[in-house]
Amino acid sequence: MPEIDPTELDIAELGPKIKDVDDADELREMLELEEGGEDRAPVKTLIEDRLEKVEGDDEEVDPESIDLDELTVADLANLVRDIEDVDVLEDMLEREKDGKDRKTAKDRIESQIEAVTGGDDDGGEELEYVPPEEKHPDLDHPTAEKRWVEGSQDGDYRDMWVYCETQHGELIDVSREMLGKAREMMDAYNADPEDGVDVEDETTTPYGGAEDGEREDVVAVLVGDDVADLTDEVIAYGADKVVYYEDDRLDRFLHRPYTEIMTNMARAGGELAAEGQEDIDWKEYDEPRYTLFPATNNGRDLSALVQGELDSGLASDCSGLYVTDAMISNPAKTGVPGDSKEFDRILHMKRPDFSGFEYSTILCIDKPFRDFHPQGASVIPGSFEMPDADPEREGEVVEHDMDLDDDWFQVEVTEYDTLEGGVDLTGHDVVVAMGRGIGRSPTEGMELGLDLVEAFDDAAFGLSRGVITSSYSFDGHVEQYVGEDRQIGESGQVVEPDVYIAAGISGAIQHKVGMDESDTIIAINTDPDADIRDFSDYYIHGDLFEVLPRLTEAVESGDLATAVAEASDD
């Protein structure tokens, strides 16, 4: 019996779990279970794709004979990084030039050749630091105005900070999920390696705490107008310490003050602390070692702004996290061409790629003369299990002290409506969803979709993420229908109507997981080979601007089935 039973999970839950299954026999058992159960085609495709990748990993690839034109740039990069034979690499470079001659592919091969040979620096000498204003005296360096740019080297970094978002005075679920995951990672991190702690593959390595042996903490950050009452709750969910800031003007999320407050907290007590924050009794290091944010609307904004102010990187929309060592050969990171260097305490941040089937692991690695801390990630809600609260846990509570500049509050929200539950697309007989196919005339496309919704007795109007994240300009009468509360997919709502009509939607896996359990799927697309064709019951190869009016007329005349059958390619 495999550890993961696919029949107990929907595809959105199965996707993040299956990526860690490397046993082909276990995957075959999972496939048999699914075939003997609901026999869902999307779930079987997910398992089969993983099985193909696992079995493919076992096959020996001969870099001297493989056809480079059949490899993607990503596949080629993965292949060359383990090749240390310069002759083989140079032969591959020539074959790439004679073939597709892709610049990015050639760059990957040339980088590996430089890493193996040491490039032009035969002596393997370490790099010499030259300040940017001296290295490029002819260029203006606005970032040089920031005293922390290239100013934080060999700093003192500790703890894992978790920004805990709230709504209506309560923690949102992803805040609790992140606290639970942070607690799990830091418990393993603080474990003594000599105690023989059993650590499975791709989980946090036991380090015994900081370099000086002191335990490192989970630090929860709360910002708002009434957050002091939540300090006990975040401790119960795993925080060792809570740093909070309250102000009546912070009742709604505002970019500037929230960013300034968390940045001020992160630097307090360190070399880069703001005036008056140099000596505090709750923090004695320069900046956090790690930071976690929720991948929500506000969390995505804040994570990018805070990490930018702290002059570090950000891995967005992550669904997997662990801390362990990383062996790096990139000379930009090691400082010595041709050498490899082991970096410890690296937060490995897993995020889905655009296919939804594969995952990339993002690392935020320091380089000579330049520290990239905190190592930061935003976390997709639902990626981690909800922890059990422990009301008996104890922790330290700190009320942060700083002055807020009135200029940070130049934008004032004078009137707003609060939606109790947003737009609920579930429970309807029909859902009409619009995608990027509306691009040539966005307002008209929306109008046609809404007309079709009105023609049904019980229908809802949804959108793909592509429409929501686009820069389309809509007229006011349809603009009200463009919001994330109408998004269908992995990071939106999941619907299972009797009829799902997808107009101008390509069918990426992120959208698929939000609607593939619909009884009947009707897709309209100008691309005859769009992915959505593979899991549609009816596929209409055509322009939604021409097809939707015909469907609306058919619904109004009570003859939708005939119209769809006549227009469908399937």
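Mentor: Let us begin with burial: a residue is called buried when its relative accessible area is under 20%. This is a predicted model, and in it C164 counts as buried because its relative accessibility is 2%. C364 is likewise buried, since its relative accessible area is 10%.

Trainee: How many disulfides does a search of the whole structure find?

Mentor: The general idea is that a disulfide is a covalent bond between the sulfur atoms of two cysteines. In this case, a search of the whole structure finds zero.

Trainee: Is R158, with its relative accessibility, buried or exposed?

Mentor: The same cut-off of under 20% applies, and R158 counts as buried because its relative accessibility is 18%. This arginine lies in strand β1, residues 157-163, and its side chain is joined to that of E214 by a polar contact of 2.9 Å. Not counting residues up to four places away in sequence, R158 touches A210, D212, E214, E216, Y285, E287, P288 and R289.

Trainee: Which residues of the largest nonpolar core touch the most other members?

Mentor: A nonpolar core is a set of buried nonpolar residues joined through side-chain atoms. The largest one here has 37 residues, and L179, L222, L292 and L321 touch the most other members; helix α8, residues 173-190, supplies the largest share of this core, with seven residues. L179, leaving aside its neighbours within four places in sequence, is in contact with V162, C164, V218, A220, V234, Y237 and A239. There is also a second, separate core of 33 residues, which includes L452, A455, V467 and I524.

Trainee: How many bridges join β13 to β15, and what stands opposite V432?

Mentor: Five bridges join β13 (residues 430-434) to β15 (residues 499-503), and these two strands run parallel; V432 stands opposite I501 in β15.

Definitions and conventions. Residues are numbered from 1 along each chain as its sequence is written. This is a predicted model: local features need pLDDT of at least 70, side-chain atom pairs count only at pLDDT 80 or more; totals for chains, interfaces and linings use all residues. Side-chain values use heavy atoms; hydrogens and water are left out. Two strands pair if DSSP finds at least two bridges between them. Helices (H or I, at least four residues) and strands (E, at least two) are DSSP runs, numbered from the N terminus. Buried means under 20% relative accessible area, exposed over 50%, partly exposed in between (1.4 Å probe, protein chains only). A polar contact is a pair of N or O atoms within 3.5 Å; within protein, one must be able to donate a hydrogen and the other to accept it, and residues adjacent in sequence count only if both atoms are side-chain atoms. Contact means heavy atoms within 4.5 Å. A disulfide is a pair of cysteine sulfur atoms within 2.5 Å. A nonpolar core is a set of buried Ala, Val, Leu, Ile, Met, Phe, Trp, Tyr and Cys residues joined through side-chain atoms within 4.5 Å.
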